[in-house]
Structure formats: C-alpha cells, structure tokens
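Please walk me through this protein model.

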Amino acid sequence: MHWIDTSGDGQIIDSLTRADDDDAMCGISVMYEEGKILTFGGSPSYTERPSSNRAYVIDINGGIGSETVTRVGDMNRVRTLGNGVLLPTGEVVALGGVDYGSFYR
C-alpha cells in the first residue's frame, strides 16, 4: 500500500503490506466509515491466476506509519474484477466479478 502526497512536486510514500495477502490485483475496496476501508478478493496478478476470498479492514485514521490491517471473515466464494457497494445500513455487498483472474475469459 502507498500514501500519495500531492503537496509540492508530490511523492508516493510506501506503507504497509496487507497482512498475509501478497497481492490483490483487481480486488474490491470500499471505504465504509471515515478512515476504514474494507478490501476483499483480487488475484496475485491481472491474468491467469485464481482469485482470492480473503477480506481485510485497513484503518488509516492514525496516518502515515500508524495504519493497521486486520484480516476479517473471508467471502464464501473467490472473486476478482467485481464491485463493492456500501448500503445505507453500513453493510457492503459484493457484486459481479469472476473466480479466475483473466480479462474477458
């Protein structure tokens, strides 16, 4: 993960990794509360790799160097290239996506 600083010439600042999740290309992320991001699914590469069912909450409220990543309950099915929608109840629903990381398969 990275922070993006837009002041001056700008810079990209390295941050944490997502716990035990190596990578999650085309995963789904939804900010469901101020500074709290639910991220789930994805694949280790853009194509020809199985998708993941892992889910995490990333808390960025502490700012650079104080972020936390917590693994939460996995999805019932693997998913990548999907969408997440924040409902008025505060719940997040996952829609669409595929079970294998491949565009237009």
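**Contacts and fold**

Among contacts in the protein (heavy atoms within 4.5 Å) between residues at least 6 apart in sequence, 41% link residues at least 24 apart. The model is predicted: local features need pLDDT of at least 70, side-chain atom pairs count only at pLDDT 80 or more, and totals for chains, interfaces and linings use all residues. Residues are numbered from 1 along each chain as its sequence is written, and side-chain values use heavy atoms, with hydrogens and water left out.

The protein has 10 strands and 0 helices. Both are DSSP runs numbered from the N terminus: strands are E, at least two residues, and helices are H or I, at least four. Along the sequence the pattern reads β-β-β-β-β-β-β-β-β-β. The C-alpha trace spans about 45 × 35 × 25 Å along its principal axes.

Now take one hairpin. Strands β8 (residues 80-86) and β9 (residues 92-98) run antiparallel, joined by 6 bridges. Pairing requires that DSSP finds at least two bridges between two strands. Val-85 has Val-93 in β9 as its bridge partner. Between the strands of this hairpin lie 5 residues, and Gly-90 takes a positive phi near 95°.

Next, the surface. Of the 105 residues, 28% count as buried, meaning under 20% relative accessible area with a 1.4 Å probe, protein chains only. The accessible surface (Shrake-Rupley method, 1.4 Å probe) comes to about 6,800 Å², and 50% of that belongs to carbon and sulfur atoms.

Finally, the charges. The protein has 8 positive and 15 negative charges, and their mean positions are 11 Å apart. Lys and Arg count as positive, Asp and Glu as negative; His and the chain ends are not counted. Each charge is placed at NZ of Lys, CZ of Arg, CG of Asp or CD of Glu.

Note on methods. Buried means under 20% relative accessible area, exposed over 50%, partly exposed in between (1.4 Å probe, protein chains only).
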